[in-house]
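User: I would like to go through the terms used for this structure and see what each one rests on. Please set the values against the cut-offs as we go.

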Amino acid sequence: MLARLDHLVALGVGALWLSPFYRSPMADFGYDVSDYEDVDPVFGTLADFDALLAAAHVRGLRVLVDWVPNHTSDRHPWFTDPARRHFYVWRDEPNGWTAQFRRGGPAWTREEASGEVYLHSFLPAQPDLDWDEPAVEAAMHDTLRFWLRRGVDGFRMDVIYRIAKDPALGENEPTRRHDQDWTTMQARLAGIRRVLEEFGPDRMCVGELHLPTQGDVARYVNWPEGLHLAHNFRFLELPWSAAAFHASITEFCAELAPDAWPAWCLNNHDYSRLATRHGAHAVRVAAMLLVTLRGTPFLFQGEELGLRDVPVSRERIVDVDGRDPQRAPMPWAPPSAAGPGAGFTTGAPWLPITRDAEDVNAAVQGDDPGSVLTLYRRLLALRAEREELQRGAMTFGDGGHPDVLAYRRGRRFAVALNFSAGPRPVTWPAGAWTRLSTHLDREAGTPAPGELRGGEGVIAELS
């Protein structure tokens, strides 16, 4: 991992988010935590983590760790300790709540010894913590402090909206869920924020929010002591069309309070990769869209290479919910030079490497002036260089064609993105000249083009 930090620096990102690395039986690949304050031996040791954190900080990279507050592993000492039975949600009989993941089914499992059932919003091996118990809240706050004392810069908070449930365990209704996003949520987040602020004003939290509407997501960052950032999955799940993105971005930004800040992502470890969902023509437009929106962009490892999902044969499936294809290892070098692990590992990885890894890898793309990786580097460098592309106002305009999404950033920049696989005419504000094309072949300083090629986006600067 230390050897890959320089890749992130060259890419131009400001922070690294690590998926769970805690001790875990790996029923859900680390999201079933058996010890919040240690590193699972499969990933290394606490000393290895400290070395990674120090090396990242030397390079100016911040580090976020994934915090899993809703549930633990059924092998966590809290779950097996009779004195901490009240840390979990028990009752004599189940209600009608159902578990997530494709298998679905009741969200309750009966314990043979007591005859009682316990709540699990996900797998039976992931019992839900009872955040209505003050001792649970205090214990989970202490797990945050453990990592904050080590120097982490913040947390990605897994299914954070599920730590507030109806304590009466009422049945879900068509317009109101009782198993998540309950009225206690705002106070829970305020308590978490107070813990972060014990360690200074610059520790941050970003939450995973699978909620019905963008207005629901916005609530979590609009609250004075809410999340700093929220992953908006309504945005990630959009169909690939200029009109859909225009409507979604406009709606979400209108829902945000004036001092709230949006975050954007188009890929993550739970969703099929964008290149697979929408096709190769969408990859470069997605890159320019993500980096030029007002807000904080999040990239999933390999997104900067334009990776596709990797087919996984039945005998190699390891995930409980069919997410192996997007979690396939990132190729760092050609297999012909680096072996079957393509630089990800010295041996054969547990999931297959993409079949086109000989050409689609960080080493080859890093040397290719026209690659997707080069595009991301240039986009992020331009964003870092120009304040208007970070915090400038964003206003939509008429791009000249329904397939073209056009918007201004501040007073100096205009962006036009062709969501179609074919060429489309584009209309620019007066005095627009090319600054950067997704195809990386238009000369900067020339007049902005009157037509965008299929899957092309252009950032223009205005004179």
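User: Why is threonine 374 called buried?

Analyst: This is a predicted model, and in it threonine 374 has a relative accessible area of 13%. Buried means under 20%, so with 13% threonine 374 is called buried. The residue belongs to helix 13 (residues 372-385), and, leaving aside its neighbours within four places in sequence, threonine 374 is in contact with Gln365, Asp368, Pro369 and Leu440.

User: Is serine 24 buried or exposed, and how do you know?

Analyst: The relative accessible area of serine 24 is 10%, and because buried means under 20%, serine 24 is buried. Serine 24 is found in the loop between strand 2 (22-23) and strand 3 (35-39), where, apart from its neighbours within four places in sequence, serine 24 is in contact with Gly30, Asp32, Ser34 and Asp40.

User: What lies 2.9 Å from a polar atom of the side chain of serine 24?

Analyst: The backbone nitrogen of methionine 26 lies at that distance of 2.9 Å, a value to be set against the cut-off for a polar contact, which is within 3.5 Å.

User: What makes helix 6 largely enclosed by the rest of the structure?

Analyst: Helix 6 is described in this way because seven of its nine residues are buried, namely Gln214, Gly215, Asp216, Val217, Ala218, Tyr220 and Val221. The cover over these buried residues includes helix 5 (185-197), strand 9 (204-209), strand 10 (229-232), helix 7 (233-236) and helix 8. At the start of helix 6, a side-chain oxygen of threonine 213 comes to within 3.4 Å of the backbone nitrogen of glycine 215.

User: How do helix 6 and helix 8 pack, and which residues meet?

Analyst: Helix 6 (residues 214-222) and helix 8 (residues 242-255) pack at an angle of about 40°, with their axes 9 Å apart, and their crossing is right-handed. Gln214, Gly215, Val217, Ala218 and Asn222 in helix 6 meet Ser248, Glu251, Phe252 and Glu255 in helix 8; the residues of this contact divide into three nonpolar, four polar and two charged.

User: Which residues have the most contacts inside the largest nonpolar core?

Analyst: That core has 112 residues, and those with the most contacts inside it are Trp147, Phe155, Ile160, Leu227, Phe245 and Leu289. Helix 10 (residues 281-292) gives the most to this core, with nine residues. Leaving aside its neighbours within four places in sequence, leucine 289 is in contact with residues including Phe235, Phe245, Ile249, Leu405 and Phe419.

Notes: Residues numbered from 1 in each chain as written. Predicted model: local features only at pLDDT ≥ 70, side-chain atom pairs only at ≥ 80, totals over all residues. Heavy atoms only, no water. Helix = DSSP H or I, 4+ residues; strand = E, 2+ residues; numbered from the N terminus. Buried < 20%, exposed > 50% of the residue type's maximum accessible area, 1.4 Å probe, protein only. Contact = heavy atoms within 4.5 Å. Core = buried A, V, L, I, M, F, W, Y, C linked by side-chain atoms within 4.5 Å. Axes fitted to C-alpha atoms, helices over the stretch in contact; angles between N-to-C directions. Left-handed = near helix turned anticlockwise from the far one by under 90°. Nonpolar A, V, L, I, M, F, W, Y, C, P; charged D, E, K, R; others polar. Polar contact = N/O pair within 3.5 Å; in protein donor to acceptor, adjacent residues only side chain to side chain.
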